[in-house]
Amino acid sequence: MKFGTLYSYWGNTWSCDYLETAKRVRKLGFDILEIGAGHLLEMEDEEILALRNLARDLGLTITCNIGPPKDKDVASSDASVRRAGIKFLTDIMNAMNRLDSKIIVGVQYTYWPNDFSDLDKPAIWKRGVESMKKLAVAAVENDVRICLEVVNRFETHILNTAAEANQFCDEVGSDNVGVLLDTFHMNIEEDNIAEAIRTSGSRLWHLHVGEGNRKVPGEGSLPWAEIGKSLRDIRFDGGVVMEPFYYDGGQVGKDIKVWRDISEGASPEEMDTRIADSLTFLRKNFLTED
Ligand code: MN
């Protein structure tokens, strides 16, 4: 198991200085930095190479996270939007190849956040599966594994549970398409988080962790010891990435619906301490045999 965090922890915008953030998360003891996959399409080749080389030097793994916009929805009823979505995600995977990044997580099977203007789930699902079969070819070519993120009902109506993600993966039928579960979303949708992890089993390649209010693990009430046991039971060997959100304002505050300063005025140094403490807490709960 490797441990990481999403890049946006210290701010309320979907942007950061990746080189500085990479050094910072490594210094805090993390093995993984998760970046915004869409940023790769805005970066010059030299920037991608600089990040790749720095990550290599630091011994840091880079994973990519995406919530495609509605005009890049691979499950859209509009064929031209589906094509745009497939091109968008294929271009990202080509850039990931240059970055030497092997994992893309998120709601690649449709768009995010959903506005629920189209509620024909079976039709969206079917188109999503067909597009994902095409994306799986690009994934193989780039040695990338696509992890479909299961999210809660307020963000999509397509994949809300681990069981639904298994069904979707079965229909896609690719060795390069698997699952990402997120404790924040599971806490809303699943009867039992540990059981949901067992339901995903060997399809689970990446895990997002956060409390029910998206604070770092250990600051809330989710059953981390039990979650750790379920990960050991399925011999989980993927990335465990925190996706904490503490700040209101900005596009992050709006997209994630943070309406107050959850950090309660913490300084950047205090934020470093709390995420480092959470990393220690997670390692203890996930890696320690009973
Ligand atoms: Mn997530």
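What spacing do the donors of the manganese ion follow along the chain?

Reply: This is a predicted model. Along the chain, the donors of the manganese ion follow the spacing E-x32-D-x25-H-x34-E. Glu 149 gives an OE atom, Asp 182 an OD atom, His 208 its ND1 and Glu 243 an OE atom. These donors sit at 2.1 to 2.2 Å from the manganese ion.

Asp 182 belongs to strand S6. Glu 243 lies in the loop between strand S8 (239-242) and helix H9 (250-256). The two are 61 residues apart, so the pair links distant parts of the chain. Asp 182 has 2% relative accessibility, so Asp 182 counts as buried. Glu 243 has 8%, so Glu 243 counts as buried too.

Eight strands form a closed barrel, in the order S1-S2-S3-S4-S5-S6-S7-S8, with parallel pairing. Neighbouring strands of this sheet are turned by 30° against each other on average, direction ignored. Look at S5 (residues 145-149) and S6 (residues 177-182). They pair in the parallel sense over four bridges. Glu 149, one of the metal donors, has Leu 180 of S6 as its bridge partner.

His 185 touches Glu 149, and its other contacts include Val 150, Val 151, Glu 155 and Arg 214, not counting residues up to four places away in sequence. His 185 lies in helix H6 (residues 183-189). Its relative accessibility is 3%, so His 185 counts as buried. Its side chain makes a polar contact with the side chain of Asn 152, at 2.9 Å.

S5 and S6 also meet a helix. The buried residues of helix H5 pack against S5, S6, helix H4 (121-141) and helix H7 (193-200). H5 covers residues 162-172. Its buried residues are Ala 162, Glu 164, Ala 165, Asn 166, Phe 168, Cys 169 and Val 172. Just after H5 comes Gly 173, with a positive phi of about 65°.

S2 and S3 run parallel, joined by five bridges. Ile 32 has Thr 61 in S3 as its bridge partner. S3 (residues 61-66) is mostly covered, with five of its six residues buried.

Finish with helix H1 (residues 18-27). Its buried residues are Tyr 18, Thr 21, Ala 22 and Val 25. They cover an arc of only 105° around the axis, which means they lie on the same side of H1. An α-helix has 3.6 residues a turn, so residues three or four places apart point the same way. What covers the buried residues of H1 includes strand S1 (2-6), strand S2 (32-36) and helix H2 (45-58).

Both ends of H1 have something to show. Asp 17 caps the N-terminal end, with a side-chain oxygen 3.0 Å from the backbone nitrogen of Leu 19. After H1 comes Gly 29, whose phi is positive, near 105°.

Notes. Residues numbered from 1 in each chain as written. Predicted model: local features only at pLDDT ≥ 70, side-chain atom pairs only at ≥ 80, totals over all residues. Heavy atoms only, no water. Buried < 20%, exposed > 50% of the residue type's maximum accessible area, 1.4 Å probe, protein only. Arc of directions from axis to C-beta. Contact = heavy atoms within 4.5 Å. Polar contact = N/O pair within 3.5 Å; in protein donor to acceptor, adjacent residues only side chain to side chain. Pairing = 2+ DSSP bridges. Axes fitted to C-alpha atoms, helices over the stretch in contact; angles between N-to-C directions. Donors = N, O, S within 2.8 Å, 3.2 Å for Na, K, Ca; no water.
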